[in-house]
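Please keep the structure in view while reading the numbered points.

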Amino acid sequence: MEYFIQQLINGITLGSIYGLIAIGYTMVYGIIGMINFAHGDIFMVGAFIALILFLFLVSLGIFAVPVALLVVLLLGMFFTSIWGWTLERIAYRPLRTSFRLAPLITAIGMSIVLQNFVQLAQDARVKPLPPVVRGGYTLLQSEAFTVTLSNIQILIIVTTTALMMVFSYVITKTSLGRAQRACEQDRVMASLVGVNVDRVISLTFVMGAALAAVAGLMYLLYYGVIDFFIGFVAGIKAFTAAVLGGIGSLPGAMLGGLIIGLIEVFWAGYFTTQYKDVAAFSILVIVLIFLPSGLLGKPEIEKV
Amino acid sequence: MAEAVGGVIGARTADDSIGSAVKDAVITGLIAFLLFVVIVGLKTENAQERLVLVNRLGLAVALAALAAGVRLLLDLFFWRGARARAASEPLLPAGSIILLLGLSYIIGAYFFIVPGASEGLATAAADIFGAEEWRARTRIAIQLLSFAFLAAFVVLTAMGLVLIARRALRLAGIGAGREASKSFLAELGAQFGLALLVIAVVLPLLVVGPQQRYALETASQVLTYIMLGWGLNVVVGLAGLLDLGYVAFYAVGAYSYALIGTQFGWSFWVCLPLAGMFAALWGIILGFPVLRLRGDYLAIVTLAFGEIIRIVLLNWYSLTNGPNGISRIPRVTFFGLDFDRNGENTFHGFFGLEFDGVHRVIFMYYIILCLALLVNFVTMRLRKLPIGRAWEALREDEIACRSLGINTVTTKLTAFAIGAMFAGFAGSFFATRQGFISPESFTFHESALVLAIVVLGGLGSQLGIVIAAVALIGSGELFRDLEEYRMLIFGASMVAIMVWRPRGFVSSRMPTVVLNERRAISGSHVKEGAG
């Protein structure tokens with residue numbers, strides 16, 4: 001029982017990180033209908049930027065953890081979102097009117113570019129960061145097993161929940177969110193009623209990249225090591241999460257992220273770590289066979 | 001940020017003055033600076049379990065300035081000039097092509113044949129820049145250029161020869177005279193595919209000397225990718241099913257041959273059809289659950305299958321030996337004659353030749369050439385059969401297909417199975433060529449590469465895939481000297497080619513079914529792989 005609760009906590013933490021990345025996929029998919037394959041690498045760039053900013057703050061002599069976290073969070077979101085904006089500007093906007101596979105290929109190309117760029121700029125070695133947020137609480141204790149909830153897990157879950165609430169508010173209540181939903185339904189019509197479609201799409205990429213930056217920071221804090229290749233696996237998992245939850249749906253992305261995180265952690269905890277990815281992908285396949293548009297997705301209407 | 005967005009877009013359409021170009025360049029430089037200031041400007045160095053920051057702000061500023069400069073040049077000369085030129089005459093008239101041809105041959109041959117020539121230039125460059133590394137850089141640049149010139153010359157010459165042969169045949173009264181009405185250049189261009197085939201057949205005679213082995217091995221690799229591209233083209237280009245896990249079938253083919261060959265000692269020629277059958281079977285098994293899925297759901301599930309197969313290969317130690325892979329895979333034999341130096345039935349012994357390791361390479365090259373041509377032939381024939389027409393109809397409109405009574409289940413499954421079978425053939429060839437396989441050769445990167453070849457070539461175009469495979473794999477080989485920048489260049493050129501030609505290299509399509517007259521249509525009239 002204690003073991004189960006511990007795995008549950010770990011799973012929710014991992015799922016929150018996946019969910020944050022998955023939101024970026026699902027927002028972009030909802031608005032321009034393309035798989036942004038380079039999003040996982042934006043997450044990786046975000047993690048690297050966070051790492052460098054931490055080291056930079058330490059070299060400036062700022063050691064107060066809350067201050068450092070806040071500064072890194074905000075600056076990381078800012079710098080990463082410029083990467084997201086540039087990505088859209090260079091690789092996707094020229095192809096917006098083109099056929100659907102064209103931006104998919106540029107996305108794969110940009111993913112290769114980002115990985116190799118970071119590898120060139122920061123070399124290929126694994127980068128460790130000493131734990132920044134320490135300590136935690138002991139929830140349950142028995143002779144065999146102790147259930148702990150560490151501060152970093154609390155931080156991840158709280159940040160994710162807060163960001164989810166902020167983003168739900170932005171999407172449902174503000175004029176930017178209204179414009180985004182309008183573009184999602186019909187881009188031409190939205191532009192006719194005065195929505196600046198280019199700007200809305202750019203801002204969607206900026207928002208997705210900012211969330212990926214937060215996910216990158218959380219990943220860095222949680223695991224303590226990053227390298228230039230983390231974007232690929234995390235990106236595929238997050239995309240799986242977005243599809244599982246129903247691509248285009250924000251709550252779906254969060255739910256899908258949680259499910260994928262839980263499956264992975266429980267599979268690794270109770271069976272073998274080797275096949276945890278197979279378990280996550282198999283659940284995806286099974287869900288899609290019975291619910292072809294994901295858990296919370298709108299069923300696609302076939303039109304002639 | 002919003003102002004920057006408006007500025008960048010607005011400047012392109014508003015006015016064409018130099019001032020706006022400078023403004024664009026400054027904005028680009030600022031954005032590039034913000035991009036690079038953290039990730040390039042500060043380098044993390046691993047030092048005894050800890051990280052140390054190294055200040056490289058100068059490099060970040062230099063990169064930003066470079067971006068601004070490139071933007072300025074593009075704005076002033078390229079984008080603006082292209083718009084003005086669009087109205088006037090074609091870019092290169094026939095006379096200049098012939099001139100370029102002669103010139104390129106002279107330059108290419110000079111540097112390629114005279115060994116001291118490139119060395120002299122390299123030394124001169126090293127003197128001018130005062131740095132020794134410019135010697136190697138200049139040498140690489142000259143090699144690349146002269147190679148490109150020579151390649152262009154060989155292709156154009158072969159096109160001319162094929163054209164002459166065709167005209168001679170037509171004069172002699174053999175073959176149809178339909179193309180007579182075309183202009184000379186159009187007729188020459190139409191020989192491109194055949195010319196490539198002629199070059200491919202005589203390639204072992206064209207390249208001789210110490211480079212032969214390397215050239216043929218590269219060519220075999222390119223042909224493997226061409227074959228994979230043609231196979232995936234059946235699934236994505238013809239049937240319109242977006243498959244991101246194509247490498248799984250390549251892996252099934254490779255492991256089928258590797259396991260059967262090492263465990264039972266069966267010959268390559270027995271295993272080749274078996275590997276194709278196994279791969280086709282897997283195509284059906286994996287195709288079955290995804291029949292209902294469309295578009296991106298199909299893409300992600302095929303990607304998941306590709307990853308699942310790779311992870312299973314990686315962890316199933318008792319069968320596949322895990323990440324260590326399978327080594328000592330039997331080599332291919334020529335009607336029972338092997339290519340070893342010593343032994344009973346050796347190729348060189350039977351034909352009374354001197355032993356030469358390159359014999360095997362030449363033989364492997366012809367095997368993959370024949371396999372690839374077989375794939376091409378079968379695909380072209382299938383396109384004309386009812387099943388091929390059903391694939392293309394399925395790509396264009398699935399609902400219309402169903403209402404016309406086409407069985408979409410069998411149509412999709414045959415597309416998956418046949419595409420997978422071709423990958424299985426390519427996989428078993430890969431296994432016997434390498435002699436060693438491990439799951440590392442079958443990552444998602446390979447699937448993405450093959451898909452990129454298909455889309456860059458122009459979906460559904462057989463010739464386009466050849467061009468794209470030669471461009472991507474061949475350029476990867478050419479830039480081998482620039483090891484660390486190779487993948488960066490590769491990714492960037494993928495993006496650049498796609499932005500430049502979104503419909504791929506070959507953007508016209510030949511319809512399979514025609515009324516009265518056969519003529520190419522634009523690729524934009526054909527639907528993409530939507531699943």
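**Notes on the model**

1. Chain B contains 21 helices and four strands; helices (H or I, at least four residues) and strands (E, at least two) are DSSP runs, numbered from the N terminus. The model is predicted: local features need pLDDT of at least 70, side-chain atom pairs count only at pLDDT 80 or more, and totals for chains, interfaces and linings use all residues. Residues are numbered from 1 along each chain as its sequence is written, while chains are lettered from A and ligands numbered from 1 in the order in which they are written.

2. Of the 531 residues in chain B, 37% are buried. A residue is buried if 20 or more other C-beta atoms lie within 10 Å of its own, exposed if 12 or fewer, and partly exposed in between, with C-beta atoms placed from the backbone. Among contacts in chain B with a separation of 6 or more, 72% join residues 24 or more positions apart. Two residues are in contact if their C-beta atoms, placed from the backbone, lie within 7 Å.

3. Which residues of chain B's helix α11 are buried? Helix α11(B), residues 268–287, has 20 residues and reaches 27 Å from its first C-alpha to its last, close to the 28 Å expected at 1.5 Å a residue; the expected span is 1.5 Å times one less than the number of residues. Its buried residues are B:Phe268, B:Cys271, B:Leu272, B:Ala275, B:Gly276, B:Phe278, B:Ala279, B:Ala280, B:Trp282, B:Gly283, B:Leu286 and B:Gly287. These pack against α10 (247–264), α12 (295–315) and α18 (408–434) of chain B.

4. In helix α16 of chain B (residues 386–396), the buried residues include B:Trp391, B:Glu392 and B:Arg395. The cover over the buried residues of α16(B) includes α9 (212–238), α15 (358–384), α17 (398–403) and α18 of chain B.

5. Two residues in the loop between α13 (317–320) and α14 (347–351) of chain B deserve a check. B:Asn321 lies in this loop and has a positive phi of about 65° although it is not a glycine. B:Arg328 also lies between α13 and α14 of chain B, and its phi is near 55°, again positive in a residue other than glycine. B:Asn321 is partly exposed, with 18 other C-beta atoms within 10 Å, whereas B:Arg328 is exposed, with 10.

6. In chain A, helix α5 (residues 151–173) has 23 residues, which should span 33 Å at 1.5 Å a residue; its end C-alpha atoms are 32 Å apart, which agrees. Its buried residues are A:Gln153, A:Ile156 and A:Thr160. What covers them includes α1 (2–32), β3 (146–150) and α8 of chain A.

7. How do α1(A) and α9(A) pack? Their axes are 8 Å apart at an angle of about 70°; axes are lines fitted to C-alpha atoms, for helices over the stretch in contact, and angles run from 0 to 180 degrees between N-to-C directions. That makes α1(A) roughly perpendicular to α9(A). Angles under 35 degrees count as roughly parallel, over 145 as roughly antiparallel, 65 to 115 as roughly perpendicular and the rest as oblique. The crossing of α1(A) and α9(A) is right-handed; a crossing is left-handed if the near helix is turned anticlockwise from the far one by less than a right angle, and right-handed if clockwise.

8. The contact between the chains takes 59 residues from chain A and 52 residues from chain B. On chain A's side, α4(A) gives the largest share, 15 residues. By class, that side has 41 nonpolar, ten polar and eight charged residues; Ala, Val, Leu, Ile, Met, Phe, Trp, Tyr, Cys and Pro count as nonpolar, Asp, Glu, Lys and Arg as charged, and the others, Gly among them, as polar.

9. A:Leu101, A:Ile105 and A:Ile108 in α4(A) meet B:Ala448, B:Ala452, B:Val455 and B:Leu456 in α19(B). The residues of this contact are seven nonpolar, no polar and no charged.
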